[in-house]
Amino acid sequence: HNPHILLTASRLDLLALLDAVRHPSHGGLAVFLGTTRDTFAAKRVVQLSYEAYISMAEQEMTRLAETAQARWGVRVALAHRLGDVPVGEESVAVVASSVHRREALDAVAWLIDELKARVPVWKREEYDDG
């Protein structure tokens, strides 16, 4: 199964990501959502803005998803917002399904850590004080 990889300026559609990994024999579906919080280092955050080296980001996200699929036997969807992401909205989603819950949970934990470390997406914080 090919992983579902998405870089988009639109709000993330969690239902579409869940549907991308559903399988009749999979009883476990795990999700991690990263959202914009309203503070960072005691400053009020208005929004985050993301940029990416898109072709390289898509290649690395695909490589990570394929690694997780081989290691844990999961189906994977990875999505990251680009552009402005207001407080309370999701900037990143990692979804995995598996026959049992443990594999999906382990794959999602590994994927979000690796995505943050290896995928060329850059974040800029915008504060209420400029």
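A: Buried means under 20% relative accessible area, exposed means over 50%, and partly exposed lies in between (1.4 Å probe, protein chains only). This is a predicted model: local features need pLDDT of at least 70, side-chain atom pairs count only at pLDDT 80 or more, and totals for chains, interfaces and linings use all residues. Residues are numbered from 1 along each chain as its sequence is written, and side-chain values use heavy atoms, with hydrogens and water left out.

First, the whole. Of the 130 residues in the protein, 44% are buried. The protein has three helices and eight strands. These are DSSP runs, numbered from the N terminus: helices are H or I with at least four residues, strands are E with at least two. Their order from the N terminus is β-α-β-β-β-α-β-β-β-α-β. Contact means heavy atoms within 4.5 Å. Among contacts between residues at least 6 apart in sequence, 78% join residues at least 24 apart. The C-alpha atoms fill a box of roughly 50 × 25 × 25 Å along the principal axes.

Now the part itself: helix α1, residues 14-21. Its buried residues are Leu17, Leu18, Ala20 and Val21. They sit on the same side of α1 because they cover an arc of only 155° around the axis. That arc is taken from the directions from the helix axis to the C-beta atoms. What covers these buried residues includes four strands: β1 (4-8), β2 (28-35), β5 (75-81) and β7 (90-98).
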